[in-house]
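Hello,

Here is the structure I promised to pass on to you. Please open it first, and then read on below.

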Protein chains: 2
Amino acid sequence: MPLPARVPVLPEGVDPAWLPPAVFRPLGSRRTLIRGSGPPVDAVHAEVADACARFGGQMTSDDAGAATPAHDLVLEAGDAKGPEGEEFTCSRRDGTTTVTAAGPAGLLYGLFHVVRLGEDAFRGAWPPETHRPAVGLRMLDHWDNVAVHPVMGQVERGYAGGSLFWADGRARGESERVRAYGRLLAACGINAITVNNVNVHETEARLLTDRIGEVADIARALRPYGIRTHLSVTFAAPVVLGGEDTADPLDPAVRRWWADATRRVYQAIPDFGGFVVKADSEGQPGPFAYGRSHADGANMLAAALAPYGGTVHWRAFVYDHRQDWRDRTTDRARAAHDHFVPLDGEFAPNAVLQVKHGPMDFQVREPVSPLIGAMPRTRLAVEAQVTQEYTGQQRHACWLGPMWSEVLRFRPDGRGATVGELARGGLVAVSNAGDDPFWTGHPLAQANLYTFGRLAWQPGADPRALLGEWIRLTHPDAPQRLTDGLHTVLDGSWRTYEKYTAPLGVGFMVQPGHHYGPSVDGYEYSPWGTYHFADRDGVGVDRSRATGTGYAGQYAEPWADLYESPGTCPDELLLFFHHVPYGHVLHSGRTVIQHIYDTHFEGVEEVEAAREVWASLAHLVEPARHARVAELYEEQLHSAREWRDQINTYFFRKSGVPDERSRPIH
Amino acid sequence: MPLPARVPVLPEGVDPAWLPPAVFRPLGSRRTLIRGSGPPVDAVHAEVADACARFGGQMTSDDAGAATPAHDLVLEAGDAKGPEGEEFTCSRRDGTTTVTAAGPAGLLYGLFHVVRLGEDAFRGAWPPETHRPAVGLRMLDHWDNVAVHPVMGQVERGYAGGSLFWADGRARGESERVRAYGRLLAACGINAITVNNVNVHETEARLLTDRIGEVADIARALRPYGIRTHLSVTFAAPVVLGGEDTADPLDPAVRRWWADATRRVYQAIPDFGGFVVKADSEGQPGPFAYGRSHADGANMLAAALAPYGGTVHWRAFVYDHRQDWRDRTTDRARAAHDHFVPLDGEFAPNAVLQVKHGPMDFQVREPVSPLIGAMPRTRLAVEAQVTQEYTGQQRHACWLGPMWSEVLRFRPDGRGATVGELARGGLVAVSNAGDDPFWTGHPLAQANLYTFGRLAWQPGADPRALLGEWIRLTHPDAPQRLTDGLHTVLDGSWRTYEKYTAPLGVGFMVQPGHHYGPSVDGYEYSPWGTYHFADRDGVGVDRSRATGTGYAGQYAEPWADLYESPGTCPDELLLFFHHVPYGHVLHSGRTVIQHIYDTHFEGVEEVEAAREVWASLAHLVEPARHARVAELYEEQLHSAREWRDQINTYFFRKSGVPDERSRPIH
């Protein structure tokens, strides 16, 4: 049974995020004609009807014949399916704004484009502009567990309450909230989600088989918003679910098992997107146990999905997580390139290799993964982390738009395609949303979710402009002071976070396990391959070709040479690529040790300033929202001071170099 | 209904520990006369009957009139109760060995004395020797939770499987295993246990009231072995259980509530021992919330217990666990003395202040707590930790007898009473036993439990002689090679552990949370008050009066002066009392840094040697026992190497001083 074609009703107390009713006023006070059919067109109908009911406009459906001057807005959809159907063209002349979409999904994106334009959508005249997503797959991966994991909880690395989909082993069945989530995602351009954690535990494994109906319920709720549903599966499924005695990807019985299982999935979910797999990584099962390659594993699943147009996303996050800290020849950063480049060309067309944007694990600063651009005959998806595992866990305001933008605009060969253009297999992010009333825990973390979606659609966009969109949508009647204030606290918040945490690209220095708060040596003697090698003379990891692990040589030129030498390596990545003395002078003119002190004092001062700015906005922001953010700024400030003091003290105790400005170091 | 007067049957596969049947051969092959009555005398009957049935001896009960030359052994008990009843006198003449006990409990101890003597009990002639415990209360505290705690599990700091008493929120009801445990404890001199964790959570709180029947069942199983049962209670009980709106110890309704609750406890358990309380410590509730003192709190519970002869054990483990690592004026080591000395004389006669033997928390090396000896008008109990939280967690062989012996023989004023003599309120230890087939996880950890019990009876005993007892009892037919081998691997194992872990009394350097394995800075920037202050120049905590926290001044002379100066402070406590340069020369003639390197290499070499010795004993030890220990030596060696390498690397990176012998440091 299809869900009703009406705008989802938010549960009491749940924040409307970037779709508060007021943003629909310009649209809702006009006369709109809609033409086309299909689930997303039904959603467009529902949106326009709801807006008109609120603001006094009129809606006409397509049986009325040609558009007339009586219409302010004409929304018309063709019937193109798939990525092509997402394109729309927008123009305005003779007092009528026209959105012509290639397919039903495109009409939905066109509608939200009109909503974003606000009154500007109905002013003047402009020639046709065509909008199409740069990337066909724009996906959010949910690291949601069905059963509460004893260590990781309901949502692994989740900082926004429980899961929207699952609670205590069961599907929540709250389709209204799921629909509202899908609507928000559509409004920023997301068109796919994975409903469960890539670490697939026992309960979650069964979603593939006897519990597929619960996935189908989610798919049904999201379908009107042009969102396809994907599933994380365990490579060992034929053994743990099917009772087979092997999961060897070349074994005929195993291939048959997957083909049958996949057929049943498509019976339940005809537009199912595909599988996401973390294999032979951090203890998850995979093809290595059978002497097979990652390509063998991925292609076996790709073959099962191919008849239905599905895709397998095979994660490239593969490294030795039982490393010996004493052995400086093993380099976790090298692992993805070492493992996968030799397999270029071996992956099936519907097998996508999903690569984290940096070589390590979503640190506040990493170089771009050298795998991106190095596998021209393989479809790559690039994965970001919207959930703020290492960037403040949604207790710190840290808007990641500029970081993602830098990554997406990076050109692996220095002049050709950007990362955003090379991500032919999709742009994917780990979601930061949960059942929190503000969706994302920290209300300002909504801006990360919004910005990621919009960048996935248009990787070359100016992130600050996207933040401006988010501000206008979220606070539709914001006075300039509020807009300015939000820009002030968010524009530079990523660099602020970088300043008070691990310096110069060295990464980690977090508390083991939960990853919140500082512990400079927390991972220094661990098996995870995340070291800084600080001693009394210097700090950093030598990844040069000449004297280090050789990681710098995994890049194409000009980057390989640029990163090779401390003299040319960008300051912000210096300690990622080089072990240097504390007295090493940066391009900035400061020594490394003084840079550490200065940035840590500055970072805290910037948080103090942001807290003051936020306090000054009290009467301009809805009280509950203001109070939540204000409270979180207290925590952020407390935590930033702890970072500052621990990092500065650690390096002062090691180096013995006093701060030039004699500020307090303990 | 009393439990049957028979020797408990061990469940299949459970190790007999220090009471294997063979140790009863000398007794069981003789003719024994028993006189007296009461539960422990019944247990003596059962032991003798069981031994005779096994080995062909004869038992006669006391209605037969005078002892005759036909008896090899006469066991006779008076009817003294309480501590006096534990005394017994043993002599031999005219071919008859006689044990005359003041009361039934004393007969049990006399019996096990005869068992320990073995054939020597029946040889020659000797004049009467009187044995009485130096300390009236010899207690094991079980940190067992009734409900599984989400972080701490079934047994907090337990390394021997589950609890003997509780599982998953319920009483296990396995009285046969509990009786067997009581029998082992009686055989080493323990006469009291606390059945639940001092951190009293919600479920455990109810043991005091509606679940007291479950405690009574345990008490019934242990009573025949002269063991009284105590209960940890929450100070907030009147609020959380009684629905009162305060737990103010001076509030009449609160006092009435405790009086009523205590009366009902004694209805269920007439020989109930009393309460153990951790109050106003690490988040537990206490009298401070009501502006009352620890004495007010303790005395209120003492008043409730007094009519029945019960005792409250009030833990002195009170300190600021929300310390700021930047503030070097706060010193956790000072806390117990600072808090409690001003209250000397204010505690009721049946209120015992239970003091950890060191000022911190059961580290491998601490000075003796300066509280001991500083409260002459207060009954103190001294608490040790048999469970190896910081001493290898029963994965490392670490026999703690010498450490406890050093503590118990310490004279706080340099010449008068020892710690063992000052512990008028009892000697208490946190148990290391659980439902593991070997009782203690590591089979050799049984020696710790045995040694503690025997030292509690006789604090001045030579610990190595007690270890010898344990070896003889546990391996009754051991050839000399096995006896020697066990001494070789255990005698020095505490010092070996000290060598490869935190150096020179500085303490901690463990992984946060679970406390297993090294993390040099793991607690360095924490709120727990456990710091080492290592920098590039030196390491240690200045606790002198002259320039430090003043802790050294809490001692009486000669210790205050001795600890005050690095020149007189014993090497093994140097970093506990002083911050010194790495080049500081110890009394041993080595520098601090070279001492660190040397001891860490030596410690690992000693573990390697112990592993080899153990391997050589393979055919002399029961195979399952040998295999378990052999496997644990692999883990111990792995862990010891990790300690060695992390500590050495940490201090080499900080100090820059190379090892004189150029051994590998990373």
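This is a predicted model: local features need pLDDT of at least 70, side-chain atom pairs count only at pLDDT 80 or more; totals for chains, interfaces and linings use all residues.

**How the chains meet**

Chain B can be laid on chain A with an RMSD of 0.0 Å, using a turn of 180 degrees and a shift of 0.0 Å along the axis. That is how a two-fold axis relates two copies. If you look at the interface residues of chain B, 100% of them are also interface residues in chain A, so the copies meet through the same surface.

How many residues take part in the contact between chain B and chain A? There are 21 residues of chain B in contact with 21 residues of chain A. About 2100 Å² is buried between the two chains, and carbon and sulfur atoms give 46% of that area. On the chain B side, Tyr525(B), Arg536(B) and Arg653(B) lose the most area to chain A, together 38% of what that side buries.

Charged pairs are found here too: the count between chain B and chain A is 6 salt bridges. One to look up is between the side chains of Glu642(A) and Arg326(B), with 2.7 Å from N to O.

**A strand in chain A**

Next, please find strand E15 of chain A, residues 311-315. Is E15(A) covered on one face or on both? Both faces are covered: Thr311(A), His313(A) and Arg315(A) lie on one side, Val312(A) and Trp314(A) on the other, and all are buried.

Strand E14 (residues 274-277) of chain A runs parallel to E15(A) and is joined to it by 4 bridges, with Val276(A) opposite His313(A). From E14(A) the chain crosses through helix H9 (residues 294-305) of chain A to E15(A), in a right-handed β-α-β crossover.

Strand E16 (residues 351-356) of chain A is also parallel to E15(A), again with 4 bridges, and here His313(A) stands opposite Val352(A). Together with helix H10 (residues 335-340) of chain A, E15(A) and E16(A) make a right-handed β-α-β unit.

**A helix in chain B**

Last, have a look at helix H15 of chain B, residues 480-490. Its buried residues are Leu482(B), Thr483(B), Gly485(B), Leu486(B), His487(B), Val489(B) and Leu490(B). What do the buried residues of H15(B) pack against? They pack against helices of chain B: H13 (446-457), H14 (463-474), H16 (493-500), H19 (592-616) and H20 (623-655).

Definitions and conventions: Residues are numbered from 1 along each chain as its sequence is written. Chains are lettered from A and ligands numbered from 1 in the order in which they are written. Side-chain values use heavy atoms; hydrogens and water are left out. Buried means under 20% relative accessible area, exposed over 50%, partly exposed in between (1.4 Å probe, protein chains only). Helices (H or I, at least four residues) and strands (E, at least two) are DSSP runs, numbered from the N terminus. Contact means heavy atoms within 4.5 Å. Copies are superposed by least squares on the C-alpha atoms of residues with pLDDT of at least 70 in both. Two strands pair if DSSP finds at least two bridges between them. A crossover is right-handed if, with the strands pointing away from the viewer, the path from the first strand over the helix to the second runs clockwise. Buried area is the accessible area (1.4 Å probe) that two parts lose on being put together, summed over both. A salt bridge is a side-chain nitrogen of Lys or Arg within 4 Å of a carboxyl oxygen of Asp or Glu.
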